[in-house]
Amino acid sequence: MTATGPELTEPGEILRRNVPRAMFDGEKMSKTAFAPSDHDGMTSTLRGHVSVADAASRWEGNSPLIGTWPLPVHLANEIGLPCYDDGQQPCACGCEAMYPEDHASVDHRVLPSRSAQLRAARKIRDAVEAAGPLT
Ligand SMILES: [Zn+2]
């Protein structure tokens, strides 16, 4: 269970989390909008130096993008989740995939269960939802 890049150590860095329409129940952001993927156990983001427009332009999901939300490194760290700079590094699950350029992962694998991961993801959602998307 290793990460594939160095841990991010600048607490003020604001990672970019692209959130698609499928992550909204009407007007309310889904409690899983910041959940880790089943694939690698991480929440996929882009580094803080990526502009909001650039982050949006890199969206490749099937559901249309609604916006790009802030995910501060310190917020993840405060609930026990390390963040890794793994752009252009191999997928942490060990498969053949590579993360895209400027990718960063919030690592939920340190938590003991899926339910603990979903609680952490809800805390992040609750903390950033009111701020709205980055502009
Ligand atoms: Zn993988």
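Visitor: Which residues have the most contacts inside the largest nonpolar core?
Guide: They are L15, L71, A76, C83, A104, V106 and I124, in a core of 26 residues. A nonpolar core here is a set of buried Ala, Val, Leu, Ile, Met, Phe, Trp, Tyr and Cys residues joined through C-beta atoms within 7 Å. A residue is buried if 20 or more other C-beta atoms lie within 10 Å of its own, exposed if 12 or fewer, and partly exposed in between, with C-beta atoms placed from the backbone.

Visitor: Which elements give two or more residues to this core?
Guide: Those are β1 (14-20), β4 (42-46), β5 (65-72), α2 (73-78), β6 (83-85), β7 (103-107) and α3 (114-129). The largest share, four residues, comes from α3. Helices (H or I, at least four residues) and strands (E, at least two) are DSSP runs, numbered from the N terminus.

Visitor: Before I go on, what kind of model is this?
Guide: This is a predicted model: local features need pLDDT of at least 70, side-chain atom pairs count only at pLDDT 80 or more, and totals for chains, interfaces and linings use all residues. Residues are numbered from 1 along each chain as its sequence is written.

Visitor: OK. How many helices and strands does the chain have?
Guide: Three helices and seven strands. Along the sequence they follow the pattern β-β-β-β-α-β-α-β-β-α.

Visitor: And why does the radius of gyration agree with a compact globule?
Guide: Because a compact globule of 135 residues would have a radius of gyration near 14 Å, and the chain has 14 Å. The radius is taken over C-alpha atoms, and the globule rule is 2.2 Å times the number of residues to the power 0.38. Along its principal axes the C-alpha trace spans about 35 × 30 × 30 Å. Buried residues make up 30% of the 135 residues.

Visitor: What about V19, buried or exposed?
Guide: V19, in strand β1, is buried, because 23 other C-beta atoms lie within 10 Å. Beyond its neighbours within four places in sequence, V19 is in contact with M29, A33, I66, G67 and W69.

Visitor: Next, β7. How many of its five residues are buried?
Guide: Five of the five, so β7 is largely enclosed by the rest of the structure. H103, S105 and D107 point one way from β7, while A104 and V106 point the other way.

Visitor: Which strands are joined to β7 by bridges?
Guide: β4 is joined to β7 by five bridges, running antiparallel; M42 stands opposite D107, and S44 has S105 as its bridge partner. β6 is joined to β7 by three bridges, also antiparallel, with C83 and V106 as bridge partners.

Visitor: Last one: which residues of α3 are buried?
Guide: A120, A121, I124, R125 and V128. Seen down the axis of α3, they fall within an arc of 140°, so they line one face of the helix. The arc is that of the directions from the helix axis to the C-beta atoms. On the other side of α3, S115 and D126 are exposed.

Visitor: And what covers the buried face?
Guide: What covers the buried residues of α3 includes β3 (28-29), β5 and α2.

How values were computed
Two residues are in contact if their C-beta atoms, placed from the backbone, lie within 7 Å. Two strands pair if DSSP finds at least two bridges between them.
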